[in-house]
Amino acid sequence: MHEPHKDYLGDKFGMWLFLFTEILLFGGLFLLYAIYLHRYPAEFHQGGLELSRIFGAANTVVLITSSFTVALAISALQQGRRGLCQGLLAATIALAGVFMVNKYFEWSAKIAHGIYPGSSEMAQAGGTNIFFGLYYVMTGAHGLHVVIGAAILGFCMLRIGQGRVTAEDFGLLENGGLYWHLVDLVWIFLFPLFYLIS
Amino acid sequence: MPSPGETVPFLDPLPGRSGLTSWIFSTDHKRIGMLYLWCILTMFAVGVAIGVLMRLELIAPGRTIMGAQAYNAMFTLHGVVMVFLFVIPGIPAAFGNILLPLQIGAEDVSFPRLNIFSWWLYLTGAVLAVTSLFTGGGPPDTGWTFYVPFSERTTTNVSLAVVAVFILGFSSILTGLNFITTIHRLRAPQMSWGKLPLFVWSLYATAWIQLLATPVLGVTVALVFIERLLGIGLFDPAKGGDPLLYQHLFWIYSHPAVYIMIVPAMGVVSEIIPAFDRKSIFGYKAIAVSSLAIAFAGSLVWAHHMFTSGMSDTAVLVFSFLTFVVAIPSAIKVFNWVATLYKGSIYLEPPLLFALGFIFLFSVGGLTGLVLGSAGTDIHVHDTYFVVAHFHYVIFGGTGFGLFAAMHFWFPKIFGRMYDRKLANASWYLLIGGFNMLYFPMFLIGLMGMPRRYYDYLPMYQTGHMISTAGSWVLVAGLVTMFWGLSKCLRGPRTVGRNPWGAATLEWTLPSPPPHLTFLDPPDEVPSPYSYAGVKRDA
Amino acid sequence: MTHKHIIPFGLLAKIWLALMVLTGVTVGVASFDFGFLNVLVAMSVASAKALLVVLFFMHLKYENRVLGAFVILVFVILAIFIGFTFFDVAWRPEAGA
């Protein structure tokens, strides 16, 4: 039987194309953000003050570090250091967990203050409502990607453990890593737009 | 000793692998293309049936066979089914899948499993879209555009419908991703970019639009869903939102989507005209580049759908100007096709007839598009039947006839049999006649002020509506004739040779129908796709 | 595998450090009020960070140029989508009032 050939560069190219669609998907939300920032500069300023800069900065450090560990994991696998690679991936997934826990506390605190979609407090104030509406939608969409990305990296770990992703055949991990970096990229923009806009 | 896969036609079962599962879980691009083909033709039948019912309602003023709410659901359904389930996947997913790898001398697409996954997504989306009619608060009544604020407030089943659109969009994205990767990575070694068939060029341009524009639709309909669920108010003025931004986001996808619909059909026409003209295509580079130019320029003009929406005059001016720019690459194609025909030895076979039908109807649609793209005149005819006529000339007259042309052109290649030529010719006359009878009066009553999307109208428009409805019957007669002429030839011995038309692209070097496995090794010789010297017919 | 390009740990660590410094800078700058300039600075720093991630963490520096061109194309398209929408919203009568 004829075996289909493996096209390493093609796989990576396809992954990049997929990342393009993710960029455009978030792009629609960034479009809304840009226009509403233009319309409600004062409310966005005020809204930014209400978000915890410490939480935001901490999560930025966490996510950038997780991007770093994934990049290290790829280099480690390529050098044939499988154990190190597995450890770095585990660290990445742990950092993703830290990010989500942080996010959970942050959202809970906001909701406890009556700032959530549909709350009576929000619906009254046009610009503020939009700021927090976008905040929930965009960080929510991003959080979903964090969870998916962590699951993909978990799958990569499994495959490395099974010996199906190796120092010579590392395409899957590289593509999983690309996805994870995209999650980081989106956050790199979300962080200043929501937390530092004041 | 070749394996059975290299000799058994792809339509026939391989030893030990037969039945439905050998189709719906197949990773063979040809079989996946066939799955799409059957699905989109089914959806086309549904869409046509609804359209005919709508025309019947409009035969006389007042309530004829349905009331206002039923009519609203009908035009929504007609739009959703035709746009998302028939026209957008139409040529790329069906004929693109079957032919793209064959035309570039590749074994398959880059991601065969992703390819069948796309089809499953399409099927899921189609099932959900149909389910939304019979569940929840009744069939959606928003029109296929799901405009806010109505789509956020109506009690009909919009939530499920937008989920279906989201999933269909995902299917479209993955097909585009697959095609771009395939064209970059899997061309036969000698298949340089300058030797790509123009159909492949058109699929390439289309795939980029699918890839970059569709995610914006995805996030837009997702927002409609979220708004219906949570009521955040991102598009609700009472809560600080701006409903016009919904329209911007929607058209950022949906205008380029018009080019997802039309560009592959242009690719089909670019294949057929030189083949039945025995003459190399005029302006190969211009046609190839104009596909890319349409894809790019097409993403700059979305707000020309919004001239009367209340957006700023500056935007009206800018988008009106840009709209004229996008007419240029379309015109380049038309002129090159006509120049190809000039002094050729024309064989007036049905595929060419349909291609010529495309050029004529698309030109009418395109030129009336300028009336709409020019802001001053658009104000008068916006949301009238003029728009309905223009749209159907471009999409039905363009994409529809392009699809019919493709069906006749590649029928012998796919099935190894020839269609009934007399019926094909007869159907063409009925289709062209019925089409113009159906849609041309709409230009006139549109200019007179007949608004779109109403089940009722003033008596002054009745003549136009009656002619139009009668035209719809002629058109349906044409469709029935055409599908009869094709389907009666689906059985019987396969007698067609490799190259009944004497065309020069690579798929015609293969047996008809092609075997399961094709181009396991890339072809040694890659001909220039439109050089007919030395190409022998093999009927 | 012929396309293997291993990025040394040291280089990755330097990039990480640069990203940390830039995060510090952007947080620091945000505590001063330059009006609209704040947004500009924040976006410039974010873009610089994104560039580092794309070029090194995502290996784009070592990929072929066609891919690089496509990445640029994507951001150009996104910029057009956002920028052209401002032809509308920036000139709306009520927006300026």
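Predicted model: local features only at pLDDT ≥ 70, side-chain atom pairs only at ≥ 80, totals over all residues.
Chain C is built from 4 helices and 0 strands.

**Chain C by itself**
- Its elements run α-α-α-α along the sequence.
- Chain C is more spread out than a compact globule, because its radius of gyration is 18 Å, well over the 13 Å that the globule rule gives for 97 residues.
- The C-alpha trace of chain C spans about 60 × 35 × 10 Å along its principal axes.
- Buried residues make up 26% of the 97 residues of chain C.

**Where chain A meets chain C**
- Here 36 residues of chain A are in contact with 32 residues of chain C.
- On the chain A side, α1 (8–39), α3 (53–78) and α7 (171–195) each contribute at least two residues.

**Where chain B meets chain C**
- This contact involves 12 residues from chain B and 10 residues from chain C.
- In chain B, α8 (243–275) and α10 (313–341) each provide at least two residues of the side that touches chain C.
- The top contributor on that side is α10(B), with 4 residues.
- The chain B side divides into 7 nonpolar, 4 polar and 1 charged.

Note on methods:
Residues numbered from 1 in each chain as written. Chains lettered and ligands numbered in written order. Contact = placed C-beta atoms within 7 Å. Rg over C-alpha atoms; globule rule 2.2 N^0.38 Å. Buried ≥ 20, exposed ≤ 12 C-beta atoms within 10 Å, placed from the backbone. Nonpolar A, V, L, I, M, F, W, Y, C, P; charged D, E, K, R; others polar.
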